[in-house]
Amino acid sequence: MLPFTNDQFLVNLAAYNQAIWPVQLAAFGLGCAVVLFLLRPGMADRLITFIVAAMWLWTGIAYHWLYFSRINHAAVVFGALFVAQAALLTHVGIRDQLRFGRDFGPAVGMGIAFVGYAIVLYPLIGIWTGHAYPRMPAFGVTPCPVTIFTFGLFLLARQPLSRPLLAIPLIWSLIGGSAAFLLGVPQDWLLLASGVIAVPLIVLGDRRHSRAPSAEKPA
């Protein structure tokens, strides 16, 4: 059972959205910019990484620590995880270790679907199911769409992908995705499956990539 009711969650979410307006518009604009940057792989890999890191940092501090912690004490821990993920992304961004432009395949198709879902379909499903603004999780500033968006980008990244980057998004996909069913937030239901889908595709892709050079060597 959750330590708060569905109504408490929605009231808290509405207060958060109203307090940070119009940051949601800026986050949406950054998400669209990331999509444009992905069309030119290699040109803005670091910038994409830093934008996603900023989303994790904002969500950890502004959403979890300042608002969600009012109704759920565990949000202090959740916020720490999100800040840690922001630090990991910043680290790999500075070292230029996260690059995009993966060869087309199942992982890329799923990555495109996750990115499109997080930016476009996620808010539309929320409105359609009765969670209109301000009682709706907004892209780029709340944990569930940020996590789905991040998994989408990881699926579009070139191999190999740093394994520590996967841990916290996977943890939140299980926690947040499970809570979504209890809270009746259908746009978050994909979150529960996102980690289960993305992580195996990324790991299997990395393994094939690591075996490719040896396979090309003459016997």
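In the predicted model examined here, P143 lies in helix α6, which spans residues 143-156, helices being DSSP runs of H or I of at least four residues, numbered from the N terminus. The model is a prediction, so local features need pLDDT of at least 70 and side-chain atom pairs count only at pLDDT 80 or more, whereas totals for chains, interfaces and linings use all residues. Residues are numbered from 1 along each chain as its sequence is written, and side-chain values use heavy atoms, with hydrogens and water left out.

P143 has a relative accessible area of 4% and is therefore buried (buried meaning under 20% relative accessible area, exposed over 50%, and partly exposed in between, with a 1.4 Å probe and protein chains only). Apart from its neighbours within four places in sequence, P143 is in contact with T59, Y63, H64, F82 and W172, where contact means heavy atoms within 4.5 Å. The C-alpha atoms of P143 and C32, which are 111 residues apart along the chain, are separated by 18 Å. In the loop between α5 (106-128) and α6 lies H131, which counts as buried because its relative accessibility is 10%. With neighbours within four places in sequence again set aside, the contacts of H131 are L10, G126, M136, G184, V185, P186 and Q187.

A search of the whole structure finds 13 aromatic pairs (rings of Phe, Tyr and Trp, the last by its six-membered ring, with centres within 6.5 Å; planes under 30 degrees apart count as stacked, over 60 as edge-to-face and the rest as tilted). Among them, the rings of Y16 and Y63 are edge-to-face, because their planes stand at 80 degrees, with the centres 5.2 Å apart. This pair links distant parts of the chain, Y16 being in helix α1 (residues 6-20) and Y63 in helix α3 (residues 45-65), 47 residues apart; both Y16 and Y63 are buried. The rings of Y16 and Y67, with centres 5.5 Å apart and planes at 65 degrees, are likewise edge-to-face. Since Y16 lies in helix α1 and Y67 in the loop between α3 and α4 (75-94), the pair ties together parts that are 51 residues apart in sequence, and Y67, like Y16, is buried. Ring pairs link these tyrosines into a cluster made up of F4, F9, Y16, Y63, Y67 and F68. R70 lies over the face of Y67, at 4.1 Å from the ring centre, a charge being placed over a ring if NZ of Lys or CZ of Arg is within 6 Å of the ring centre and within 35 degrees of the ring normal.

The whole structure contains 3 salt bridges, defined by a side-chain nitrogen of Lys or Arg within 4 Å of a carboxyl oxygen of Asp or Glu. One of these joins the side chains of R135 and D7, at 3.7 Å from N to O; because R135 lies in the loop between α5 and α6 and D7 in helix α1, the pair ties together parts that are 128 residues apart in sequence. R135 is partly exposed at 33% relative accessibility, as is D7 at 47%.

Technical notes: Helix = DSSP H or I, 4+ residues; strand = E, 2+ residues; numbered from the N terminus.
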